[in-house]
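Here is a note for a colleague who is opening this model for the first time. Please keep the structure in view while reading.

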Amino acid sequence: MPHANLFLRTIPPLLVVALVGLPVFVAVVTGLTAGDGATWDHILQNRLVPYTLTTLSVLLMTAIMILGLAVPAAWMITQYDFPGRGIFSWAMILPLAMPGYVMAYSWADLMGVAGPLQSWIRDVSGLSARDYWFPNLFSSVGLAFVLASTLFPYVYITARAAFAMQSRTSIEAARSLGARPIDLFWRVALPVALPTILGGLCLALMEAAADYGAADFLGIQTLGVGIIRSWQSFGEPNTAARLALALILIAGAFLIAARLFQGQRGTQQTSSRWQSQERSKLSPLTGIGVTALCSIILLICFAVPVLRLIWLALENRVSAADLGPLLRATLLLGAMGAAMAFLSAIIFSLSSKRSATLQLATRIIAAAGYAAPGAVLGLGALFIIRETGQALYGSVAIGFLVWIYVSRFTSAGVEPIQASLARLPKNLDLAAQSLGSTGLKQFLRVDLPLIAPGAFAAGLILFVEILKELPATLMLRPFGWDTLAVRAHAYATDERLAQATLPSLLIVLAGLAPVLLLSWRLGQTERT
Amino acid sequence: MINKIKTLTGLSLLIGAVAACSNPTASTSDEATADPQKVLTIYSSRHYDSDKALYAMFEEETGARLDVREAGASQLLETMKAEGDQSPADVVIAADAGSLWRFKDAGLTQPLESEALEAAVPESYRAADSQWYGVARRIRGIAYDPNRWDAASLSTWDTLAQADKAGEICVRSSSNIYNLSLMGELIHRYGEESAQNWATAVVENMARNPQGGDTDQIRAIAAGECSIAIVNHYYWVRLGASESEADQQVAANTSFLIPEFVEGSGSHVNITGVAMTKTADDTELVEQFVAFLLTENGQFYITRDTKELPLLSTTPLPEGVDRLPTFAPSDTHLDVYGENQADAQRLFDLAGWN
């Protein structure tokens, strides 16, 4: 029995670690051992520092914007009653269905010098484009805005859960001691929720770091853009893979920083339920103010860009022919990828739950895949294909693509599950063991029910993420498996943005169902 | 909870089963044919609806089936390298001579020797060793505001480096293949130092940071943000042929010219071309396909949506392309673009052209 247990505890996790880590590992090692070309010297001397500084400054701005959007929204929605609260509580997650590159296309079209807003300003004022100031989306701040507006729901979800499950007693004690609402937030609620919030922020920032589509379209020289440039302009995929190491190091640093912070201040709740507190009523005027604020967030991060795409599609009379097979391929690949990544995330999380060091190690391995651009993982897969003498055909291609999905997105599943696990009190484990429940039995009867809410969220997030995935799908899909993202990209790179609108809208639509399900489920959990 | 797990397991099994026996776009392969069907596998960096019409016509004419993988040229190149001898690819289609050179340089293509093809394609638009053939032409030129400039003041690429163009130029980022190919020819003609100086001067004359695509640059002229844009001809032509009235207005308010390097040097021309891969075994079918692209029908469909220039001078120009001025092509061999591509990006980087 102990041997079997040891086997169960070590072998599957090791396999999963290998599965998740191998593509990144192969890509980076191939890159590092390939020898220095003239390109590497050029990048090292002239580009590495600017790329890194640009990336870090975009990430810093993205982090500030994400926190500014997500934390106040989550606080208002969990603590107060105001008109439309019920709708906002689920609708705030909608931007998750929007791929970053689609958000960039849409806002660039709206805000560009030839777009409707600026054209209107010129028509009304009679000024020329050079005579007035207008916010420039094609800037680092613009990129941070685009990234933050699609990624803030990650932090909103975690912040909302953290605020909602806070022990009622501490907040009520503070209230009865006369703490003002603002103090309640800054001095009681936020410090307790911060570790969880930072976990969500880490995830969002890794995703932002791996972005290529939005940064390239807006012309911002991030590491993601530099990586693709050293591959495509310089023709050196090895240099690209080597450069990806810089992104992976940044992601690792995030995780370690968050971990240190959480280690200092993390708290265990004595109850695993998210206890709903009494929500305070706001005065009518303040209520309307909060409603307006939430509406503006949703308009900017979801409604306006989506409506603009619909408008463009109608204005250009875009035909909806033959999108069916694309949708089917997208959903099938999404389901297969999500199922496998989910499994891998569960195994990852549970195998490491008793050791903090192991936990950090597994999270960093998963994060390496998550922070590496999809194209680098795709290169890793191609290097493996080359070594094994395969052709990118039929089920082999699907196998490799699903593998890359697992490698790329396991982290997006691990984080919510580990957040659930972290909230479980240690004594539950001991209690289960003292009752003779160990190993698989403990997992099925004790752990799984307890982490179910986190696991459910993880599964849905994985599905939505894979629907939106572009570079690896573009590189590895077999014949006849074009996805919506692939088609939208084909049109967009050829500057036929109007044609790109319909597949883009369908991606959003396909992502809405799981996102709504996620919202509904989070609402359910809070109420129990 | 256990029930939930069962449901989940069931679901994933179901997904696997559906995936195993379905191909979302199973197309012509379902037709029952007595003979084993010939298959031609195309790796293409183009995506146009008219390409599909073209492929369907070829399938109908020959009874062969076409498998097409569309992705960026760099991705297709890495895929072929990874697949090695196992690669199913027979034909590569790329929208830039520099990309075709890369496939050749990596040893992924083989010569397609055919007197008929060599007779059809002028020497400057095919590789000397028959490693690739052009099938359509594309020109990088200058869109400009005719109220601000006359064509004579923009007649060569050098004019963009002059001080009177300060704050007037809009152009996309340097990693774009069309910019790299243009820079490749500049390096070939003037050497690295002069080419870098040219790029530095253009950067100083830019109205804004490089951003967006070619179409965005033309729109910026119409909006008044700049008065000169470096763009490919077909983006300007497509604006004129657009469904949207605003786009038609943009095309009407701008002009397009095709500059030379120095007077009489001829102009920078690029191609969409095809190459036969090293792994192709039915070379006859490949030759048939390339020859088909060079028929009247083939030329019509390959340029109908793209608004490229047909390679055969006998083919009528696509709608709207007749608005272009006449030009003489430069005598620089197109392989130069690929050979100089990495240097071009390095010099752009040094010039500060994002």
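1. **Ground rules.** This is a predicted model: local features need pLDDT of at least 70, side-chain atom pairs count only at pLDDT 80 or more, and totals for chains, interfaces and linings use all residues. Residues are numbered from 1 along each chain as its sequence is written, while chains are lettered from A and ligands numbered from 1 in the order in which they are written.

2. **Chain B overall.** Chain B has 14 helices and ten strands. Helices (H or I, at least four residues) and strands (E, at least two) are DSSP runs, numbered from the N terminus. The radius of gyration of chain B is 23 Å, close to the 20 Å that the globule rule gives for 354 residues, so chain B is as compact as a globular protein of that length. That radius is taken over C-alpha atoms, and the rule is 2.2 Å times the number of residues to the power 0.38. Along the principal axes, the C-alpha atoms of chain B fill a box of roughly 70 × 65 × 40 Å.

3. **Burial and contacts in chain B.** Of the 354 residues in chain B, 51% are buried. A residue is buried if 20 or more other C-beta atoms lie within 10 Å of its own, exposed if 12 or fewer, and partly exposed in between, with C-beta atoms placed from the backbone. Among contacts in chain B with a separation of 6 or more, 80% join residues 24 or more positions apart. Two residues are in contact if their C-beta atoms, placed from the backbone, lie within 7 Å.

4. **Helices α6 and α7 of chain B.** Helix α6 (residues 177-190) of chain B packs on helix α7 (residues 192-205) of chain B at about 135 degrees, with axes 7 Å apart. Axes are lines fitted to C-alpha atoms, for helices over the stretch in contact, and angles run from 0 to 180 degrees between N-to-C directions. That makes α6(B) oblique to α7(B). Angles under 35 degrees count as roughly parallel, over 145 as roughly antiparallel, 65 to 115 as roughly perpendicular and the rest as oblique. Residues of the contact include M183(B) and L186(B) of α6(B), and W198(B) and A199(B) of α7(B). The contact residues divide into seven nonpolar, one polar and one charged. Here Ala, Val, Leu, Ile, Met, Phe, Trp, Tyr, Cys and Pro count as nonpolar, Asp, Glu, Lys and Arg as charged, and the others, Gly among them, as polar.

5. **Helices α8 and α9 of chain B.** The axes of α8 (residues 214-223) of chain B and α9 (residues 233-240) of chain B come within 9 Å and cross at roughly 60 degrees. D214(B), T215(B) and I218(B) in α8(B) meet Y235(B), W236(B) and L239(B) in α9(B).

6. **R137 of chain B.** R137(B) sits in strand β5 (residues 133-144) of chain B. R137(B) is partly exposed, with 18 other C-beta atoms within 10 Å. V269(B) is 132 residues away from R137(B) in sequence, yet 6.9 Å away in space, C-alpha to C-alpha.

7. **Where the chains meet.** The contact takes 55 residues from chain A and 54 residues from chain B. On the side of chain A that touches chain B, α13(A) gives the most, with seven residues.

8. **Helices α2 and α10 of chain A.** Their axes come within 9 Å and cross at roughly 155 degrees. α2(A) and α10(A) are therefore roughly antiparallel to each other.
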